[in-house]
Amino acid sequence: MDVSFLGGPGPQRGVGVIAPFDFALDRELWRWTPDDVSLHVTRTPYVPVEVSLDLARMISEHETLQNAVSTLTEVTPEAVAYACTSGSFVGGVMGEHAMCEAMSRAGSVPAVTTSGALLEALVELDVRRLALVTPYTVSVTRALEEYVAQAGVMVTGCAYMGLTRQIWKVTYREVADMARRAAMRGRLGAADALFLSCTNLPTYDVIPQLEAELRIPVISANQVTMWAALRRLGTRAVGPYQALIDTSARSGTGTGTGSALPGPAAGTVVPAAGPVVPTGSVLPEGQESPEVRGVHGVSDAQGVPGAQGVSGGPDEKQQEGWT
């Protein structure tokens, strides 16, 4: 068959993605990517540590990220993204800014991280009150709560899973159950949006369902990463009726997002609002908030998985994941 009439392939546009060594959801990132953009994925070196704050720090050192960006330069991506939530919030807002600067210097292209993209998305959706779902342990979950608090966002409720490995095996049903618990109105009131944390947590197909049910925007780690990275290319992420991606999907959601709101220009770094004392579910050891619940394989009085809170819960334990 003569295919010469087709000419050559069109000009290639690409996003370089740096993922942790245990990242298993490459296919989910591609689902938000338009047909005219390619993803070039590389991984950080393996370290024998389970998901924890220690791991987050180890895989996010500037030298590690710069070396990863260097491996992508030959395919000339137009932007690079560090697809790791805990790795990009572990150093706080200023630490996240420093990561972006280090990656951008290494590749001479715009750089984003998952946690930086989260703050950018919160500005886009005018979110000031946020509910959280994480697969993490207590300490990692608290670090995320402190990160968004530094940006001036109140955490109204948080549900966590206590996992240290194989997070990609969590099912959509389990994600949805946790989301309902985190978004439950408590003494701090209702959330403007819900964030599903961790790039290894499957979320793509559950987002529209949860938005329709909860009546607030639902954003996820992989979604905000691709949305922000593609903005640097001047293009848009694709996805089925998701408030962050489709402005027409925002009119039916809850407070703070009744209309499309202008976001920062492409390439803009979202400034921190200054140090803010964490509110809501960030509590000292030994104190418990009724709005904060986690899953540890037990049932509460209503028979729903989960009974212990992020604060005042049992000691952290290794778990095998949801299989």
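**Exercise 1.** Determine which contact the side chains of D177 and R180 make, and where the two residues lie.

Solution. The side chains of D177 and R180 meet in a salt bridge, at 2.9 Å from N to O; the term requires a side-chain nitrogen of Lys or Arg within 4 Å of a carboxyl oxygen of Asp or Glu. The model is predicted: local features need pLDDT of at least 70 and side-chain atom pairs pLDDT 80 or more, whereas totals for chains, interfaces and linings use all residues. Residues are numbered from 1 along each chain as its sequence is written, and side-chain values use heavy atoms, leaving out hydrogens and water. Next, the positions: both residues belong to helix α8 (residues 172–182), and because they are three residues apart there, about one helical turn separates them. Helices (H or I, at least four residues) and strands (E, at least two) are DSSP runs, numbered from the N terminus.

Finally, the accessibility: D177 is partly exposed with a relative accessible area of 27%, and R180 is partly exposed at 31%. Buried means under 20% relative accessible area, exposed over 50%, and partly exposed in between, with a 1.4 Å probe and protein chains only.

**Exercise 2.** Identify the parts of the chain that the salt bridge between R180 and E213 ties together.

Solution. The closest N and O atoms of R180 and E213 are 2.6 Å apart. E213 is partly exposed, at 39% relative accessibility.

**Exercise 3.** Are R232 and E120 buried or exposed, and which helices does their salt bridge link?

Solution. R232 and E120 form a salt bridge of 2.9 Å, N to O. This pair links distant parts of the chain, with R232 in helix α10 (residues 221–232) and E120 in helix α6 (residues 114–124), 112 residues apart. Both R232 and E120 are buried. They also belong to a network of salt bridges that links E120, E124, R231, R232 and R250. In the whole structure, 11 salt bridges are found.

**Exercise 4.** State the strand order of the open sheet of four strands.

Solution. The order is β2-β1-β3-β4, with parallel pairing; two strands pair if DSSP finds at least two bridges between them. The edge strands β2 and β4 (111–113) each pair on one side only. Seven bridges join β1 (residues 13–19) to β2 (residues 37–43), and four join β1 to β3 (residues 79–82).
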